[in-house]
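Let's take a walk through this fold together, beginning with a sheet and ending with charged side chains. Keep the viewer open as you read.

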Amino acid sequence: MEYCRILFDVYPVDKLVNYIVSDSEFHTLNSWRRENQSTHELMSALAAVGPPNPREDPECCSILHGLVAAVEALCKITELQHERRTALMDTAERVANRGRIICLTNAKSDTNVRMLEDYIQETISEQNKLAAGSDRLMAIQQCELVVIHIYPQGEDTLVSDRPKKEISPLLTSEVHSVRAGRHLASKLNILVQQHFDLASTTITNIPMKPTLNVCEQEEQHANTSANYDVELLHHRDAHMEFFKSGDLHMAGTSTRENGVKETMTLKWCTPRTNSIELHYCTGAYRISPTDVNSRPSSCLTNFLLNGRSVLLEQPRKSGSKVISHMLSSHGGEIFLHVLNSNRSTLEDPPSISEGCGGRVTDYRITDFGEFMRDNRLTPVAESSYEPSGKLPVERAKAQLERYTRYWPMIISQTTIFNMQAVVPLANLIVKEALTEEDVLTCQKTIYNLVDMERKNDPLPISTVGSRGKGPKRDEQYRIMWNELETLVKTHAGATDRHQRVLDCIVACRSKPPEEEERKKRGRKREDREDRTEKNASKETEDKSWQESERLKGLLEKDDQESEVIKDSPDSPEPLNKKPRLIPEDVQPPERAKGPATLLSMWTNRITVANSRKHQEFFGRASSVNSKFELYQHLKEENGMDAHENGKATR
C-alpha cells in the first residue's frame, strides 16, 4: 500500500496501478480507470476481500491465478492509450504497451521462482495471440517481472536474490528476498524510487517553535525547542543541478544503513517567505513523505498546506549559504521548487575575462575563435550530398566530435597548442582522411621537434603556481611528447595513415642508447653546475664572515695592549696620544678567489674616503720604511743619543 501511496502522490495521473489478490481465485481490487487510482479505493476494496479462510484447502491457493489475471490486465487498453490511439489513427501501432508485474509471495525455492517465470512467459505469448485478433486488446511489448519473496522473522530464506535478467525479448525478471515486517516496507520504498525515477531529500533542523505554528500540541508539554528531520520523495530531476555541477558532496549526500538508498540533505532556512514573494524557479516537483504517519511529517505537511513557504539551503562548513530549493503548496498539493542558485539567464552574460572557473582567466580565446571559424555551419546545396547518403548535419556533428576529442580550454594546461612548430600537425590530424602529402607534413613536424630537443631549445611551459625555475628541459620535452602522443592517439583509429603518424611519434620517442647517454651526461653537468654555484655562494659568505671576525679581533687586541701598558707599574707613563694605524700597517686581507663581497667593497670605500678628509702627519709622510725617529731636536740640544723607539738614555 505504501508503494501505491508514494506513486499516487508524485504521479497523480498517467501512472496506473491494478491491484490483484490471489488465493483459491483472484480478486481485482480496482481497474485502470483514473477514478479508481487512489489509496482510499484500494483500502476499501482490500477490506472487502477479508482475511484468508483458514478452512480452505491450502493446495487450492496459488499465486498462479493472480499472475494470469495480471497478464490479462496488461493486455487491456487504458483510457490514456485509447486517447493516444484515437489521436494517431494512421499510426496507432506506435502506441506502446509496456508494464510491470510485482509479485509478493512466499516461494519454496529458486526452482519454484523459475517455474513462475516460465508460466508468465507462456501466458504472455498466449495473450498476445488473442490481442492480435482483437481491437479491445493490445499485445504486450515489454513486461518486467519483480518477484518479492517474503519469509517470516526468525527463519532463513530459501530463495536467493538475483538482479534483472532477460528471460525473453518480451520478459525480464528480478528476484528480491525480504524479511517480513519493516524490512518489507523499506524494500518497497527503494523499489518505487528505482521504478519511477524518484529521489530522496531529507529536510534537517526543522524547528519546533510556537511562533512557526508547527507542532503546537507538543510545544504545550515542553518548555524547550527541538529540531527534527523529515524525508521526502520526489522526481529525480529536482537534484539535476547537483548532478550537473558535481556538488553532491556540498549538498550532503548520505547513504542509509542498507547501502542502497541515498538521500540529499537540505537545511531549513530560518527566513521564511510568503506565497506572494516571487522566486526564480527552474522546476517544481510533487513530494511525498517517506513516513507519512510520523508526527514531524504531519506537522510539516500541515504547516505548508496553510499557505506558508520554506526556503532550503545547502549545508556548508564555510562560506555564505546557498539557497537552492523551496517548499510550497499549490492547490492543496505540496511542491519542491528548484531555485536558480547560479547566474540567471535573464542577466547580462558574463565577461569572457571573468571565466566560468572563477579566477581562471587564461582561456584560449584566440584559438577558440579559429575553432568556431573552422566549424561554421553553412547552407548546403542538394548537389553536394554524398553518394553514401550521409546527411550534412551528421557530417557536421562528426567533424565537431573530431575537433573536440582533445582540445584544452586553458593556456596553462597545454604545451603543444602554444608552439607554432606543432600547428601543421594539429590542423591535419583532425581530418577525416589523410593524404600521403599530409602524412609527410606530419612526419616532418615530428622530426623538427626531435631536432629542437637535440638542440635543447626552450619550450613554452607554463610556470603558473610553481616555485623556482620550473621543470628541467628534459622534463619539458617529456611533457610535450606525452601531450602530442595523447592528441594523435585520439585519432589513430580513423585510418591507417593516422596510425602511421602515431607510429612515427613512438619511433622518435624511443631514443638510441647513445642519445640516452648524452642526455644523462647533460643532466649530470647541469646538476654539477648547480652544486658548484651553491658551494661558491656558501664559501663567499663564510669568508666574508671570517674576515669581519678577524678585523674585530685586531681592534679588541689593540684595546687590551693599551690597557696593559697603562696599568703596569714598572713601565713609564705612556703618551696620551694613541698611534694611528696607517693603511700600509694593516695588511689587506687576502682576496677571496670568488667575487668581492659587499663587506670588503664597503670597507675599502670607507678607508679611501677617510684618507682624503685630513692632511697627513709630517712624520708619517717623511718616514722611512714606515718608521720615524721622534724628539730629534732634543738630541741636537742636549747631546743625547736617541734610540729608534724615541726613548732617551741619560
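Two strands count as paired if DSSP finds at least two bridges between them, and strands themselves (E, at least two residues), like helices (H or I, at least four residues), are DSSP runs numbered from the N terminus. What you are viewing is a predicted model, in which local features need pLDDT of at least 70 and side-chain atom pairs count only at pLDDT 80 or more, while totals for chains, interfaces and linings use all residues. Residues are numbered from 1 along each chain as its sequence is written, and side-chain values use heavy atoms, with hydrogens and water left out.

With that in hand, look at strand β4 (residues 142-151) and strand β6 (residues 171-179), which run parallel and are joined by nine bridges. Across this pairing, valine 147 stands opposite valine 175 in β6. Both strands belong to an open sheet of four, ordered β3-β4-β6-β5, whose pairing is mixed. At its edges sit β3 (98-105) and β5 (162-168), each pairing on one side only. On average, neighbouring strands here are turned by 20° against each other, direction ignored.

Axes are lines fitted to C-alpha atoms, for helices over the stretch in contact, and angles run from 0 to 180 degrees between N-to-C directions; contact means heavy atoms within 4.5 Å. Helix α3 (residues 64-75) lies across β3 and β4, running at about 165° to β3. Helix α5 (residues 110-132) also packs on the sheet, where it touches β4, β5 and β6, and its direction makes about 145° with that of β6.

On to the charges. A salt bridge here is a side-chain nitrogen of Lys or Arg within 4 Å of a carboxyl oxygen of Asp or Glu, and this rule gives 19 of them. One links glutamate 333 to arginine 286, with the closest N and O atoms 3.3 Å apart. Because glutamate 333 lies in strand β16 (residues 333-339) and arginine 286 in strand β12 (residues 281-286), the pair ties together parts that are 47 residues apart in sequence.

Lysine 489 and glutamate 485 form another, at 3.5 Å between the closest N and O atoms; they are four residues apart in helix α14, so about one helical turn separates them. Glutamate 485 is buried (under 20% relative accessible area; exposed is over 50%, partly exposed in between, 1.4 Å probe, protein chains only), at 15%.
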